[in-house]
Amino acid sequence: MKFAIALFAAPHQPAARRALRFAQAALADGHEIVRLFFYQDGVHSASSSVVSSQDELDLTAEWRTFVKAHNLDGVVCIAAALRRGVLDTDEATRYGRTAASIEAPWVLSGLGQLHEAVQEADRLICFGGP
Amino acid sequence: MSKSLLIISRQAPWSGPGARETLDIVLAGGAYDLPIGLLFLDDGVFQLFAEQAPKALQQKDLTANLQALPLFGIEALYCCAHSLGERGLGQTPLALPAELLDTSALQALLARYDQVITL
Amino acid sequence: MTTLHLLSHSPYGNDRLTSCLRLFGAEDGLLLSGDAVYALQPASAARKALASLPSGAGLYALAEDLQARNIQADDAVTAVDYSTFVALTLRYDKVNSWL
């Protein structure tokens, strides 16, 4: 079956880890993930600027590795990301900011990508909050 | 045929970007001509309170965006009657023509949509 | 169509559980994760509220969250791992996460 997975939680929130474990289990069980869509505070979970201490789970790195390893479509909502200071190099240049924290495999795009994923998937699963 | 999507908006309007970002999902769906429903539940019903003055908080007026919903083809607007009554808004005119739903109507509404997002 | 409801907030201090029970259909399921598993503490106010679920309702909890919090859920609750979580989302027609 095809899943669309939406994440609304920052990486320090348990929901960000729960979403990753769900996504891993879905693939392990032979399902397909048509798209990951990170919205609201979920945009922070795609940020390469997060630094975890060595004895803590590095969730943004785990997400990045997972998306790369399975060649998944990882989309971060551009409006939600800009509002939270999470930019890629194009946006950083456009708005004259010094820091970019969204890089491959993640891409910034619009909410239409969420709707498209909902249409394509058998199930939409949202993770957020604690 | 397109899958229908019910958005349940539970956030008060001036408590952060939550209510606006929920509405943005609805408007984006409307722009793609998708069958979208919008239900105001819990503190989300405060979005429907008339004549609010968010300028006092230097906020953009969400109500103006809400009133644009029909222009985006979003006409399936619902509001939880219990949430309104609990908050003293049972007899208040609403800023939008949302249909008031009791408990059994809420259950029926959720049951008939293909997918759902609650924020 | 049936719905699997997901709750991850504590049952105390917010409306989510109450509103979830209001929208809950006769054949729906409820999966508790995160702090929502505190609702399964025997004799708690939230566990009593869950007793009002329809008789056809499935009641599930993420095993890791029960274990982490030392919640001993009663026999009415099915503890699930992530693989079963995935399967549950397919057993119901849609998933409603109370974010």
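Chain C holds four helices and five strands, where helices (H or I, at least four residues) and strands (E, at least two) are DSSP runs numbered from the N terminus. Along the sequence these elements follow the pattern β-α-β-α-β-α-β-α-β. The radius of gyration of chain C, taken over C-alpha atoms, is 12 Å, close to the 13 Å that the globule rule (2.2 Å times the number of residues to the power 0.38) gives for 99 residues, so chain C is as compact as a globular protein of that length.

This is a predicted model, in which local features need pLDDT of at least 70 and side-chain atom pairs count only at pLDDT 80 or more, whereas totals for chains, interfaces and linings use all residues. Residues are numbered from 1 along each chain as its sequence is written, while chains are lettered from A and ligands numbered from 1 in the order in which they are written.

| Property of chain C | Value |
|---|---|
| Box of the C-alpha atoms along the principal axes | roughly 35 × 30 × 25 Å |
| Buried residues (20 or more other C-beta atoms, placed from the backbone, within 10 Å of their own) | 43% of the 99 residues |
| Contacts (C-beta atoms, placed from the backbone, within 7 Å) joining residues at least 24 apart, among those between residues at least 6 apart in sequence | 66% |

The contact between the two chains takes 15 residues from chain C and 19 residues from chain A. On the side of chain C that touches chain A, α4 (82-91) and β5 (94-98) each supply at least two residues, and α4(C) gives the most, with six residues. The residues of this side divide into six nonpolar, seven polar and two charged, with Ala, Val, Leu, Ile, Met, Phe, Trp, Tyr, Cys and Pro counted as nonpolar, Asp, Glu, Lys and Arg as charged, and the others, Gly among them, as polar.

How values were computed: A residue is buried if 20 or more other C-beta atoms lie within 10 Å of its own, exposed if 12 or fewer, and partly exposed in between; C-beta atoms are placed from the backbone.
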